Amino acid sequence: MTENAVIEPLPEVTGRKWSRACTTDEVPEDEGLLLTTLPKTSVFAADGEFYCVDDTCTHETYSLAEGWLEGCIVECTLHNAKFDLRTGEALSPPAERAIAVHPVIVKNNVVYVALPQNYLVKSEQA
């Protein structure tokens, strides 16, 4: 994942910066791709779209990238909390708080995510 590795300009999103996350081929079909960010974020492919969310379940510290994916719903494998990838809404207990959702743009099979400026993005080594 790299910051500012964008060939064409992407639309400005107030308080956020665009970063190259991955290629579309790198995102698994039935789970997420964990990105090298702090806090942790993941990219999911669902229903023909790509989504980026904070990776940690709000019920307990556990990766959602390893969760089960059904449509636009990701289920945490630890205690079965479910979240909507489109809105971040917690859909089932034990989670009660939403996860953060981040804007995504796909250009030429490259997935870009707009993360808050206070998120840290680990740049790839050349």
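Predicted model: local features only at pLDDT ≥ 70, side-chain atom pairs only at ≥ 80, totals over all residues.
**Serine 42 and its contacts**

Serine 42 lies in strand β5, which spans residues 41-46. Its relative accessible area is 0%, so serine 42 counts as buried. The side chain of serine 42 forms a polar contact of 2.5 Å with the side chain of aspartate 55. Leaving aside residues up to four places away in sequence, serine 42 touches Leu33, Leu34, Leu35, Tyr51, Cys52, Val53, Asp55 and Ala65.

**Strand pairing**

Strand β5 pairs with strand β6 (residues 49-54) in the antiparallel sense, over 6 bridges. Within this pairing, alanine 45 has phenylalanine 50 of β6 as its bridge partner. The two strands β5 and β6 form a hairpin with 2 residues between them, and aspartate 47 in the turn has a positive phi of about 50°. Strand β6 also pairs in the antiparallel sense with strand β10 (residues 101-102), over 2 bridges. There, the bridge partner of cysteine 52 is histidine 102 of β10.

**Cysteines**

The model contains 0 disulfides, where a disulfide requires cysteine sulfur atoms within 2.5 Å. For two of the cysteines, the nearest cysteine sulfur is that of cysteine 52, as tabulated below.

| Cysteine | Nearest cysteine sulfur | Distance |
|---|---|---|
| Cysteine 22 | Cysteine 52 | 8.8 Å |
| Cysteine 72 | Cysteine 52 | 14 Å |

Cysteine 22 has a relative accessibility of 1% and therefore counts as buried. Cysteine 72, with a relative accessible area of 5%, is buried as well.

Conventions
Residues numbered from 1 in each chain as written. Heavy atoms only, no water. Helix = DSSP H or I, 4+ residues; strand = E, 2+ residues; numbered from the N terminus. Buried < 20%, exposed > 50% of the residue type's maximum accessible area, 1.4 Å probe, protein only. Polar contact = N/O pair within 3.5 Å; in protein donor to acceptor, adjacent residues only side chain to side chain. Contact = heavy atoms within 4.5 Å. Pairing = 2+ DSSP bridges.
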